[in-house]
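Please open the structure in a viewer and keep the selection tool at hand.

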Amino acid sequence: MRYRMTFRVPVPRTRIPLSYNGALSAHLAEWLGVIPPLPDSHDPASMPFDHFVFSRLVIKSKIVDMKSLTIKLLSPTVVLYLGIPEAGGDNPRSPSALLGREVLLGTEGQNLLIERVESLPPPIWSRRMNFRMLSPTAVPGPDGTWLRADDARLSETIRLLLLNRYRSHFNHSPSVDEELTAVVDPTYLSQRGGGAGVVKRVRLNASGGEPRDVHGFVCPITLRGNPRLIALAYDSGLGTLGMLGFGMMG
(Lines give C-alpha, C1' and ligand atoms only; values in the text may rest on other atoms or scores of the structure.)
Protein backbone atom coordinates (compact mmCIF):
# COMPACT_ATOMS: atom_id res chain seq x y z
CA MET A 1 0.00 0.00 0.00
CA ARG A 2 1.25 3.45 -0.85
CA TYR A 3 0.58 6.59 1.18
CA ARG A 4 1.31 10.27 0.68
CA MET A 5 2.02 12.11 3.92
CA THR A 6 1.97 15.91 4.08
CA PHE A 7 3.95 17.60 6.86
CA ARG A 8 3.28 21.21 7.80
CA VAL A 9 6.26 23.40 8.72
CA PRO A 10 4.97 25.46 11.71
CA VAL A 11 8.17 27.52 12.06
CA PRO A 12 9.17 29.27 8.80
CA ARG A 13 12.68 28.54 7.52
CA THR A 14 13.11 25.53 9.75
CA ARG A 15 16.43 23.78 9.16
CA ILE A 16 16.70 20.00 9.07
CA PRO A 17 19.87 17.89 8.79
CA LEU A 18 21.01 16.97 5.30
CA SER A 19 21.20 13.38 6.57
CA TYR A 20 17.72 13.02 8.03
CA ASN A 21 17.09 9.35 7.14
CA GLY A 22 17.87 7.89 10.55
CA ALA A 23 15.71 10.30 12.54
CA LEU A 24 12.78 10.02 10.13
CA SER A 25 13.06 6.23 10.07
CA ALA A 26 12.97 6.10 13.88
CA HIS A 27 9.76 8.15 13.96
CA LEU A 28 8.03 5.99 11.35
CA ALA A 29 9.16 2.73 12.92
CA GLU A 30 7.94 3.76 16.36
CA TRP A 31 4.54 4.80 15.04
CA LEU A 32 4.11 1.68 12.90
CA GLY A 33 5.32 -0.68 15.62
CA VAL A 34 8.45 -2.15 13.99
CA ILE A 35 12.19 -1.93 14.61
CA PRO A 36 14.35 -0.46 11.82
CA PRO A 37 17.54 -2.56 11.64
CA LEU A 38 20.85 -1.29 10.33
CA PRO A 39 22.64 -4.54 9.36
CA ASP A 40 26.35 -4.81 10.06
CA SER A 41 26.74 -7.22 7.15
CA HIS A 42 26.19 -6.58 3.45
CA ASP A 43 25.48 -10.28 2.84
CA PRO A 44 22.09 -10.43 1.05
CA ALA A 45 21.22 -13.67 2.84
CA SER A 46 21.51 -11.93 6.24
CA MET A 47 19.34 -8.93 5.40
CA PRO A 48 16.19 -8.70 7.52
CA PHE A 49 12.75 -8.08 6.06
CA ASP A 50 11.91 -4.43 5.42
CA HIS A 51 8.44 -3.69 6.77
CA PHE A 52 8.15 -0.36 4.99
CA VAL A 53 9.97 2.02 2.67
CA PHE A 54 9.91 5.78 2.34
CA SER A 55 10.98 8.34 -0.24
CA ARG A 56 13.19 11.34 -0.01
CA LEU A 57 11.38 14.38 1.34
CA VAL A 58 9.71 16.31 -1.48
CA ILE A 59 10.40 19.99 -0.77
CA LYS A 60 9.24 22.50 -3.38
CA SER A 61 11.42 25.34 -2.15
CA LYS A 62 14.59 24.90 -0.09
CA ILE A 63 18.16 26.01 0.38
CA VAL A 64 20.83 23.34 0.83
CA ASP A 65 23.72 24.59 2.97
CA MET A 66 26.72 22.32 2.49
CA LYS A 67 28.73 24.23 5.08
CA SER A 68 26.32 23.42 7.91
CA LEU A 69 25.01 20.23 6.24
CA THR A 70 21.42 21.41 6.62
CA ILE A 71 18.36 22.05 4.46
CA LYS A 72 16.45 25.27 5.04
CA LEU A 73 12.73 24.66 4.39
CA LEU A 74 11.19 27.57 2.50
CA SER A 75 7.97 25.73 1.62
CA PRO A 76 5.09 25.68 4.14
CA THR A 77 4.63 21.94 3.59
CA VAL A 78 6.80 18.89 2.89
CA VAL A 79 5.64 15.64 1.29
CA LEU A 80 6.78 12.09 2.03
CA TYR A 81 5.73 8.86 0.27
CA LEU A 82 5.45 5.74 2.42
CA GLY A 83 5.07 2.15 1.20
CA ILE A 84 3.86 -0.79 3.29
CA PRO A 85 3.53 -4.37 1.93
CA GLU A 86 0.19 -6.13 1.90
CA ALA A 87 -0.63 -8.19 4.98
CA GLY A 88 1.52 -11.26 5.34
CA GLY A 89 3.19 -12.42 8.53
CA ASP A 90 4.12 -9.42 10.65
CA ASN A 91 2.55 -6.31 9.21
CA PRO A 92 2.92 -2.81 10.65
CA ARG A 93 -0.03 -0.72 11.72
CA SER A 94 -1.76 1.57 9.27
CA PRO A 95 -0.37 5.12 9.15
CA SER A 96 -3.91 6.55 8.98
CA ALA A 97 -3.81 7.30 12.72
CA LEU A 98 -0.72 9.52 12.43
CA LEU A 99 -2.62 12.75 11.81
CA GLY A 100 -1.48 15.44 14.21
CA ARG A 101 1.77 13.70 15.14
CA GLU A 102 4.89 15.77 15.49
CA VAL A 103 8.13 14.90 13.70
CA LEU A 104 11.18 16.25 15.50
CA LEU A 105 13.57 16.92 12.63
CA GLY A 106 14.54 20.58 13.04
CA THR A 107 18.12 21.22 14.06
CA GLU A 108 16.95 23.70 16.70
CA GLY A 109 14.19 21.53 18.10
CA GLN A 110 11.48 22.53 15.63
CA ASN A 111 8.76 20.02 14.80
CA LEU A 112 7.02 19.19 11.57
CA LEU A 113 3.34 18.34 11.94
CA ILE A 114 1.58 15.58 9.99
CA GLU A 115 -1.52 17.30 8.63
CA ARG A 116 -2.62 14.84 5.93
CA VAL A 117 -2.28 11.11 5.16
CA GLU A 118 -3.69 9.91 1.83
CA SER A 119 -3.81 6.35 0.52
CA LEU A 120 -2.87 6.07 -3.16
CA PRO A 121 -4.20 3.49 -5.65
CA PRO A 122 -1.68 0.84 -6.71
CA PRO A 123 -0.47 0.55 -10.30
CA ILE A 124 -1.97 -2.04 -12.64
CA TRP A 125 0.53 -4.86 -12.18
CA SER A 126 2.01 -6.57 -15.22
CA ARG A 127 5.08 -8.62 -16.08
CA ARG A 128 6.97 -5.59 -17.37
CA MET A 129 6.92 -2.27 -15.52
CA ASN A 130 9.01 0.89 -15.72
CA PHE A 131 9.82 2.87 -12.60
CA ARG A 132 11.73 5.94 -11.49
CA MET A 133 13.41 6.03 -8.11
CA LEU A 134 12.00 8.21 -5.34
CA SER A 135 15.00 7.48 -3.12
CA PRO A 136 18.44 5.95 -3.79
CA THR A 137 18.49 2.18 -4.20
CA ALA A 138 21.12 0.36 -2.13
CA VAL A 139 22.08 -3.15 -3.27
CA PRO A 140 24.79 -4.97 -1.26
CA GLY A 141 27.47 -7.01 -2.98
CA PRO A 142 29.06 -10.16 -1.53
CA ASP A 143 32.40 -8.40 -0.99
CA GLY A 144 31.02 -5.79 1.42
CA THR A 145 30.61 -3.01 -1.16
CA TRP A 146 27.48 -1.47 -2.65
CA LEU A 147 26.73 -2.48 -6.22
CA ARG A 148 26.64 0.24 -8.84
CA ALA A 149 23.83 0.54 -11.37
CA ASP A 150 26.04 -0.91 -14.14
CA ASP A 151 27.23 -3.94 -12.15
CA ALA A 152 26.57 -7.25 -13.93
CA ARG A 153 25.50 -8.82 -10.61
CA LEU A 154 22.80 -6.25 -9.94
CA SER A 155 19.74 -7.99 -11.42
CA GLU A 156 20.31 -11.38 -9.81
CA THR A 157 21.13 -9.85 -6.43
CA ILE A 158 17.89 -7.86 -6.53
CA ARG A 159 15.97 -11.01 -7.44
CA LEU A 160 17.46 -13.02 -4.55
CA LEU A 161 16.76 -10.21 -2.07
CA LEU A 162 13.13 -10.05 -3.17
CA LEU A 163 12.69 -13.83 -2.98
CA ASN A 164 14.10 -13.85 0.57
CA ARG A 165 11.80 -10.99 1.51
CA TYR A 166 8.78 -12.71 -0.05
CA ARG A 167 9.43 -15.92 1.92
CA SER A 168 9.97 -13.97 5.14
CA HIS A 169 6.79 -11.93 4.74
CA PHE A 170 4.37 -14.53 3.39
CA ASN A 171 5.95 -17.65 4.95
CA HIS A 172 6.08 -19.43 1.59
CA SER A 173 7.81 -19.11 -1.78
CA PRO A 174 6.12 -17.72 -4.90
CA SER A 175 4.11 -20.48 -6.53
CA VAL A 176 6.35 -21.79 -9.34
CA ASP A 177 7.15 -18.34 -10.77
CA GLU A 178 10.38 -16.94 -9.29
CA GLU A 179 11.32 -14.94 -12.37
CA LEU A 180 12.51 -11.36 -11.99
CA THR A 181 15.02 -9.20 -13.85
CA ALA A 182 15.97 -5.62 -13.11
CA VAL A 183 17.45 -3.54 -15.94
CA VAL A 184 18.47 0.08 -15.53
CA ASP A 185 17.96 2.48 -18.44
CA PRO A 186 21.19 2.21 -20.52
CA THR A 187 20.61 5.54 -22.29
CA TYR A 188 20.18 7.33 -18.98
CA LEU A 189 23.38 5.75 -17.64
CA SER A 190 25.32 6.63 -20.78
CA GLN A 191 24.23 10.27 -20.60
CA ARG A 192 25.46 10.49 -17.00
CA GLY A 193 28.81 8.77 -17.35
CA GLY A 194 27.85 5.20 -16.41
CA GLY A 195 27.27 3.74 -12.96
CA ALA A 196 29.56 6.25 -11.26
CA GLY A 197 27.41 9.11 -12.54
CA VAL A 198 24.22 8.04 -10.77
CA VAL A 199 25.69 7.13 -7.36
CA LYS A 200 24.15 8.91 -4.37
CA ARG A 201 26.02 8.76 -1.08
CA VAL A 202 23.91 8.91 2.07
CA ARG A 203 25.49 9.13 5.52
CA LEU A 204 23.80 7.18 8.30
CA ASN A 205 24.52 6.70 11.99
CA ALA A 206 25.26 3.06 12.78
CA SER A 207 24.13 1.38 16.00
CA GLY A 208 27.48 2.16 17.65
CA GLY A 209 27.18 5.84 16.84
CA GLU A 210 29.82 5.85 14.09
CA PRO A 211 28.68 7.33 10.76
CA ARG A 212 28.29 4.92 7.89
CA ASP A 213 28.12 5.79 4.19
CA VAL A 214 25.65 3.95 2.00
CA HIS A 215 26.22 4.21 -1.75
CA GLY A 216 22.91 3.92 -3.60
CA PHE A 217 21.97 4.87 -7.14
CA VAL A 218 19.14 6.83 -8.72
CA CYS A 219 18.04 6.09 -12.29
CA PRO A 220 15.06 4.70 -14.23
CA ILE A 221 14.69 0.94 -13.98
CA THR A 222 12.57 -1.76 -15.66
CA LEU A 223 11.38 -4.83 -13.74
CA ARG A 224 10.23 -7.93 -15.59
CA GLY A 225 8.82 -11.13 -14.09
CA ASN A 226 6.36 -12.25 -11.43
CA PRO A 227 3.96 -9.32 -10.78
CA ARG A 228 3.74 -10.31 -7.09
CA LEU A 229 7.50 -9.86 -6.72
CA ILE A 230 7.30 -6.52 -8.52
CA ALA A 231 4.46 -5.44 -6.20
CA LEU A 232 6.53 -6.38 -3.15
CA ALA A 233 9.47 -4.32 -4.45
CA TYR A 234 7.11 -1.39 -5.00
CA ASP A 235 5.64 -1.59 -1.48
CA SER A 236 8.76 -2.43 0.53
CA GLY A 237 11.63 -1.07 -1.56
CA LEU A 238 14.11 -2.27 -4.13
CA GLY A 239 17.39 -3.57 -2.72
CA THR A 240 17.86 -3.18 1.03
CA LEU A 241 17.47 -0.66 3.86
CA GLY A 242 13.96 0.36 2.81
CA MET A 243 13.14 1.28 6.39
CA LEU A 244 16.01 3.75 6.29
CA GLY A 245 14.69 5.44 3.18
CA PHE A 246 16.30 3.50 0.33
CA GLY A 247 14.84 1.87 -2.77
CA MET A 248 11.41 3.50 -3.14
CA MET A 249 10.13 3.41 -6.72
CA GLY A 250 7.37 5.45 -8.31
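**Salt bridges, a helix and a pocket**

Select R159 and E156 to begin: they form a salt bridge in which the closest N and O atoms are 2.9 Å apart. This is a predicted model. The two residues are about one helical turn from each other, because they lie three residues apart in helix α2 (residues 154–170). R159 counts as buried at 19% relative accessibility, whereas E156 is partly exposed at 37%.

The structure holds eleven salt bridges. Select next the one between R4 and E118, with its closest N and O atoms 3.2 Å apart. This pair links distant parts of the chain, since R4 belongs to strand β1 (residues 2–8) and E118 to strand β8 (residues 111–120), 114 residues apart. R4 is partly exposed, with a relative accessible area of 26%, and E118 is partly exposed, with 23%.

Now move to helix α4 (residues 227–236), which is largely enclosed by the rest of the structure because eight of its ten residues are buried. Among the buried residues are L229, Y234 and S236. At the start of α4, look for the side-chain oxygen of N226 that comes within 2.9 Å of the backbone nitrogen of R228. Just after the helix, G237 has a positive phi of about 105 degrees.

Finally, which residues line the second largest pocket? Select R2, S55, R56, V58, Y81, L120, P121, R132, M133, L134, Y234 and G250. This lining comprises seven nonpolar, two polar and three charged residues, and the pocket holds about 210 Å³ of space.

Key: Residues are numbered from 1 along each chain as its sequence is written. This is a predicted model: local features need pLDDT of at least 70, side-chain atom pairs count only at pLDDT 80 or more; totals for chains, interfaces and linings use all residues. Side-chain values use heavy atoms; hydrogens and water are left out. On a 1 Å grid over the protein atoms alone, a cavity is a set of points where a 1.4 Å probe fits but cannot get out, and a pocket is an open set with protein on both sides within 12 Å along at least five of seven lines; lining residues have an atom within 4 Å of a point. Grid points are joined across faces, edges and corners, and a volume is the space filled by probe spheres set on the points. Ala, Val, Leu, Ile, Met, Phe, Trp, Tyr, Cys and Pro count as nonpolar, Asp, Glu, Lys and Arg as charged, and the others, Gly among them, as polar. Buried means under 20% relative accessible area, exposed over 50%, partly exposed in between (1.4 Å probe, protein chains only). Helices (H or I, at least four residues) and strands (E, at least two) are DSSP runs, numbered from the N terminus. A polar contact is a pair of N or O atoms within 3.5 Å; within protein, one must be able to donate a hydrogen and the other to accept it, and residues adjacent in sequence count only if both atoms are side-chain atoms. A salt bridge is a side-chain nitrogen of Lys or Arg within 4 Å of a carboxyl oxygen of Asp or Glu.
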